[in-house]
Structure formats: structure tokens, C-alpha cells
Amino acid sequence: MECVVCKTGLMKQGKVTVTFDIKGTVVVIREVPAKICSVCGNYYLNSETSKLIMDKVQQAVKKGVEIEILKHTAA
Ligand SMILES: [Zn+2]
């Protein structure tokens, strides 16, 4: 699969750290499986992974913590 951003890199399976900053809550999720571009670093999460991550982000925002650092675990 070719990268849609730089059109030169190839997307390879790997792990990324995803950071969100919503309403004053910073959520960092480590070791998220993603397809990562070998050239520009652009990455994609599959829909299942995105959903799991958004759930975690919403939970952290609800708790109202300032920063939450999580390690991604597959359901
Ligand atoms: Zn790229």
C-alpha cells in the first residue's frame, strides 16, 4: 500500500504513540498498532483500533484528569 500523503513511502505495520488534547485533558496512548509510512511518518489506524482508542479518550475526558498515559491493549 502506497502512502496517500507523500505518494512515495510504503505503509508498513508498526506501532505508534497517539496523543489527544481535548478540553484540557491530554491523553497519550502508547503502542497502538498502525500502518506507518516509511518516508513521511503518516499513519493509519484501522477502524476497530480507532474505536477502542476513542473510547479510552472519552473515559479520560470524563474523569477530568489533566494527563492520562495508557498502553494500548487489544480487546
Ligand atoms: Zn508518506
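Lysine 23 sits in the loop that links strand E1 (11-22) to strand E2. The model is predicted, with an average pLDDT of 94 over the chain and 99% of residues scoring at least 70. The chain holds one helix and four strands, and their order from the N terminus is β-β-β-α-β.

**Overall form and confidence**

- Along the principal axes, the C-alpha atoms of the chain occupy a box of roughly 40 × 25 × 15 Å.
- The chain has 75 residues, of which 11% count as buried.
- Among contacts in the chain with a separation of 6 or more, 57% come from residues 24 or more positions apart.
- Mean confidence is highest in E2, at 97, and lowest in strand E3 (residues 43-44), at 94.

**E1 and E2**

- E1 and E2 run antiparallel and are joined by eleven bridges.
- One of the facing pairs puts glycine 14 opposite alanine 34 of E2.
- The two strands form a hairpin with two residues between them, and in this hairpin lysine 23 has a positive phi near 50°.
- Lysine 23 is a residue other than glycine, yet its phi is positive.
- Lysine 23 has 6 other C-beta atoms within 10 Å and is therefore exposed, since 12 or fewer is the cut-off for that class.

**E2 and E3**

- E2 pairs with E3 in the antiparallel sense, over two bridges.
- Isoleucine 36 has tyrosine 43 of E3 as its bridge partner.
- Five residues lie between E2 and E3 in their hairpin, and glycine 41 in the turn has a positive phi of about 85°.

**E2 and E4**

- Strand E2 (residues 25-37) and E4 run parallel, with five bridges between them.
- Valine 26 is bridged to isoleucine 67 in E4, and isoleucine 29 stands opposite leucine 70 in E4.
- Strand E4 (residues 67-71) has five residues and the number buried is zero, so the strand lies largely in the open.

**Residues within E2**

- Valine 28 is part of strand E2.
- Valine 28 counts as partly exposed because it has 15 C-beta neighbours inside 10 Å, a number between the limits of 12 or fewer for exposed and 20 or more for buried.
- Leaving aside residues up to four places away in sequence, valine 28 touches Thr17, Thr19 and Ile69.
- The C-alpha atoms of valine 28 and valine 18 are 5.8 Å apart, while the two residues are ten apart in sequence.
- Glutamate 31 also belongs to strand E2; it is not a glycine, but its phi is positive, at about 60°.
- Glutamate 31 has 12 C-beta neighbours inside 10 Å and so counts as exposed.

**Helix H1**

- Helix H1 (residues 47-63) has 17 residues, which at 1.5 Å a residue should span 24 Å; the end C-alpha atoms are 24 Å apart, so the two values agree.
- Glycine 64 follows H1 and has a positive phi, near 75°.

Key. Residues numbered from 1 in each chain as written. Predicted model: local features only at pLDDT ≥ 70, side-chain atom pairs only at ≥ 80, totals over all residues. Expected span 1.5 Å × (residues − 1). Pairing = 2+ DSSP bridges. Contact = placed C-beta atoms within 7 Å. pLDDT = per-residue confidence, 0-100.
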